[in-house]
Amino acid sequence: MASNRVNLDGLLIFEQPFARVPYENYRKVFRAAQKNIERELGAIQAASNDLGRNAQNVCKDTQEAIKSLEGMIGRVESLKRKVTDLQATAGSPTLGVMRERCRHLAIIEQVQSSQDSEHIRWVDTRLDRWIVDWVLRHGREKTARHIANEKGIEELVDIDLFVDIRRIEDALRGHSCTEALAWCSENKNALRKLKSTLEFDLRLQEYIELARERRTIDAIAYARKHLIPWQETHLMQIQQASALLAFSRTTTCNPYKRLYDSVRWSNLIQSFRLAIFSLNTLPSEPLLHLALYGGLSSLKLPTCYDHDVKNRDCPVCDPWLGKLAEEVPFSHHVNSTIVCRLSGKIMDEDNAPMAFPNGYVYSREALEDMSAQNDGKVKCPRTQEECDFSNLKKVFIS
């Protein structure tokens, strides 16, 4: 039973993004509400202080004081509406997603064995989630929604997040930084903690586009407003960008030719994706790939790439999965596991290895089946050498 115990720590490693994404969404809701409250309460406090000072003046106009109080009441009511609307439109749904995901994670904590029906259902749901994640990363939102709806896992997948990512990336492909800069503004503090340079890179690209169009005056004004504030950390890049105005888009001077290169837009897309993934603790590769990497790495052996000894039951020996397995290290086994080439089964004390006179080894079960079908004769599939089953020798591995 111990071998069937669920490895909870290993499972939860993959579930960090699953719990983190709705948490980050709710943090945005909280920050938006906090900003509204601080702004409105600051204005109310200032109006209250003015009213208190003027109250000592007996000549104060009563109507003006009433108007000031009404203005304060109006601000409070407006603040209440904003916060209520924010909670209703974004806060409550996000809290619902967080509860559902915590409930889903709680199921696996109660499972005692990997053979339990609850565990099997949980694993099937996880695979559905990984498939949706893979589909979303390849820009197939409609397919993702269809799968999520069919499997009933809408609250367990991050379709809205990837739709937002796709929207911003499409804008960058269209050579527009507006949407990405708006996202940077919403996540300024988090990006600062990550030490991300995405916002500067976007600002620099907008400056380059102005230089490309030879809008020199606009480019200088833009640099003063948006690039100079970054001079403490990006002075050399700003200096190089300043000299860009002296070069046209057709320049052959390498430093400035690279600035005008359109490949920078592709780099911006990659930088944005890296930033938003880091913010939500999402891996840069699909979760399905990471799970496959883990499984393939535990099975990968040098013999998997030897055409003469491939095992038809080994995933790494499969041409397609083997291609994916090229990116992972070989497995490390303290004790070797010997697999029969004929049957694909492990050879052990219950299925002992048997050697032909030529030295090739196969499992006893496979050779007994062959012998029963050929009047006690067995044939080596590699050399085609034939002999009696009684001529085989049992192999003992130390």
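The following questions and answers go through parts of a predicted model.

Visitor: What should I know about the model and its numbering?
Guide: This is a predicted model, where local features need pLDDT of at least 70, side-chain atom pairs count only at pLDDT 80 or more, and totals for chains, interfaces and linings use all residues. Side-chain values use heavy atoms, with hydrogens and water left out, and residues are numbered from 1 along each chain as its sequence is written.

Visitor: How far does helix α14 reach from its first C-alpha to its last?
Guide: Helices (H or I, at least four residues) and strands (E, at least two) are DSSP runs, numbered from the N terminus. Helix α14 covers residues 287-299, which is 13 residues. The expected span of a helix is 1.5 Å times one less than its number of residues. For α14 that expected value is 18 Å, and the helix comes close to it, with a reach of 19 Å.

Visitor: Which helices do the buried residues of α14 pack against?
Guide: Buried means under 20% relative accessible area, exposed over 50%, and partly exposed in between (1.4 Å probe, protein chains only). In α14 the buried residues are Leu287, Tyr293, Leu296 and Ser297. Contact means heavy atoms within 4.5 Å. The partners of these buried residues are α1 (8-14), α4 (117-137) and α15 (319-325).

Visitor: How much space lies in the largest cavity?
Guide: On a 1 Å grid over the protein atoms alone, a cavity is a set of points where a 1.4 Å probe fits but cannot get out. Grid points are joined across faces, edges and corners, and a volume is the space filled by probe spheres set on the points. The whole structure has one cavity of 30 Å³ or more. The space in the largest cavity is about 120 Å³.

Visitor: Which element gives the largest share of the lining of the largest cavity?
Guide: Lining residues have an atom within 4 Å of a point. There are 13 of them around the largest cavity, and Arg129, Asp133, Leu156, Asp158 and Leu287 lie nearest its centre. Two or more lining residues come from each of α2 (16-54) and α4. The largest share, five residues, is from α4.

Visitor: How many residues of that lining are charged?
Guide: Ala, Val, Leu, Ile, Met, Phe, Trp, Tyr, Cys and Pro count as nonpolar, Asp, Glu, Lys and Arg as charged, and the others, Gly among them, as polar. In the lining of the largest cavity, ten residues are nonpolar and none is polar, and the number of charged residues is three.

Visitor: What is the angle between the planes of Phe200 and Trp230?
Guide: Rings of Phe, Tyr and Trp (its six-membered ring) pair if their centres lie within 6.5 Å; planes under 30 degrees apart count as stacked, over 60 as edge-to-face and the rest as tilted. The structure holds five aromatic pairs. Phe200 and Trp230 form a tilted one, 5.7 Å centre to centre, and the angle between the planes is 55°.

Visitor: Where in the chain is Trp230?
Guide: The pair links distant parts of the chain, 30 residues apart. Phe200, in helix α9 (residues 198-212), is buried because its relative accessibility is 0%. Trp230 has a relative accessible area of 23%, so Trp230 is partly exposed. Trp230 is in the loop between α10 (216-227) and α11 (231-243).

Visitor: Is the ring pair of Phe247 and Tyr256 stacked or tilted?
Guide: Phe247 is partly exposed at 25% relative accessible area, whereas Tyr256 is buried at 13%. Their centres are 4.2 Å apart and their planes 10° apart, and the pair is stacked.

Visitor: Which loop holds Thr281?
Guide: Thr281 has a positive phi of about 50° although it is not a glycine. The relative accessible area of Thr281 is 28%, so Thr281 is partly exposed. The loop is the one between α13 (263-279) and α14.

Visitor: Is Leu172 buried or exposed, and which residues does Leu172 touch?
Guide: Leu172 is found in helix α6 (residues 159-173). Leu172 counts as buried because its relative accessibility is 0%. Not counting residues up to four places away in sequence, Leu172 touches Cys177, Ala180, Leu202, Trp265, Leu268, Ile269 and Phe272.

Conventions: 1 Å grid on protein atoms, 1.4 Å probe; cavity = no way out; pocket = protein on both sides within 12 Å on 5 of 7 lines; lining within 4 Å.
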